[in-house]
Amino acid sequence: MTILIFVSLFAIAVYTFGFAVTLWKEKQKGGALSVFFLTLTIVVLPFFSIYKIQ
């Protein structure tokens with residue numbers, strides 16, 4: 001089940017990153033940076049919620 005979750009999150013992160021690249025190419029740098037931050041959050045946050053660091 002964990003692998004399914006990570007594959008789903010990876011697919012969402014790739015799609016979101018692609019959208020950020022599209023925004024960057026359209027010279028909307030503020031929106032692109034916000035979406036890059038969102039992508040980073042999508043990638044990092046599951047590690048804190050699934051694997052609790054002690």
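Biologist: Which residues of helix α1 are buried?
Modeller: Helices are DSSP runs (H or I, at least four residues; strands are E, at least two), numbered from the N terminus. Buried means under 20% relative accessible area, exposed over 50% and partly exposed in between (1.4 Å probe, protein chains only). In α1 the buried residues are A13, T16, A20 and L23.

Biologist: What pLDDT must side-chain atom pairs have to count?
Modeller: Residues are numbered from 1 along each chain as its sequence is written, and side-chain values use heavy atoms, with hydrogens and water left out. This is a predicted model, in which totals for chains, interfaces and linings use all residues, local features need pLDDT of at least 70, and side-chain atom pairs count only at pLDDT 80 or more.

Biologist: How far does helix α1 reach from its first C-alpha to its last?
Modeller: Helix α1 covers residues 2-25 and has 24 residues. At 1.5 Å a residue, taken over one less than the number of residues, the expected span is 34 Å. The model is close to this, with a reach of 35 Å.

Biologist: Which residues is T39 in contact with, leaving aside neighbours within four places?
Modeller: T39 is a residue of helix α2 and counts as buried because its relative accessibility is 8%. Leaving aside neighbours within four places in sequence, the contacts of T39 are A13, T16 and F17.

Biologist: How are α1 and α2 placed relative to each other, roughly parallel or roughly antiparallel?
Modeller: Two packed helices are described by the angle between their axes and the distance between the axes. The axes (lines fitted to C-alpha atoms over the stretch in contact, with angles from 0 to 180 degrees between N-to-C directions) come within 7 Å for α1 and α2 and cross at roughly 165°. Angles under 35 degrees count as roughly parallel, over 145 as roughly antiparallel, 65 to 115 as roughly perpendicular and the rest as oblique. The two helices, α1 and α2, are therefore roughly antiparallel.

Biologist: How many nonpolar residues are in the contact of α1 with α2?
Modeller: Ala, Val, Leu, Ile, Met, Phe, Trp, Tyr, Cys and Pro count as nonpolar, Asp, Glu, Lys and Arg as charged, and the others, Gly among them, as polar. The axes of α1 and α2 come within 7 Å. In this contact there are three polar residues and one charged, and the number of nonpolar residues is 20.

Biologist: How far apart in space are A32 and A20, C-alpha to C-alpha?
Modeller: A32 is in helix α2 and is buried because its relative accessible area is 0%. Leaving aside neighbours within four places, A32 is in contact with A20, L23 and W24. A32 and A20 are twelve residues apart in sequence, and their C-alpha separation is 4.6 Å.

Biologist: What is the distance in space from T22 to A32, C-alpha to C-alpha?
Modeller: T22 lies in helix α1 and counts as partly exposed because its relative accessibility is 38%. In sequence, T22 and A32 are ten residues apart, and in space the distance is 8.0 Å.

Biologist: Which residues does F6 contact, leaving aside neighbours within four places?
Modeller: F6 has its place in helix α1. At 24% relative accessibility, F6 counts as partly exposed. From F6 to G31, 25 residues along in sequence, the C-alpha distance is 26 Å. The contacts of F6, beyond its neighbours within four places, are P46, F47, I50 and Y51.

Biologist: What is the phi of K27?
Modeller: K27 sits in the loop between α1 and α2, and its relative accessibility is 66%, so it counts as exposed. Most residues other than glycine have a negative phi. K27 is not a glycine, yet its phi is positive, at about 65°.

Technical notes:
Contact means heavy atoms within 4.5 Å.
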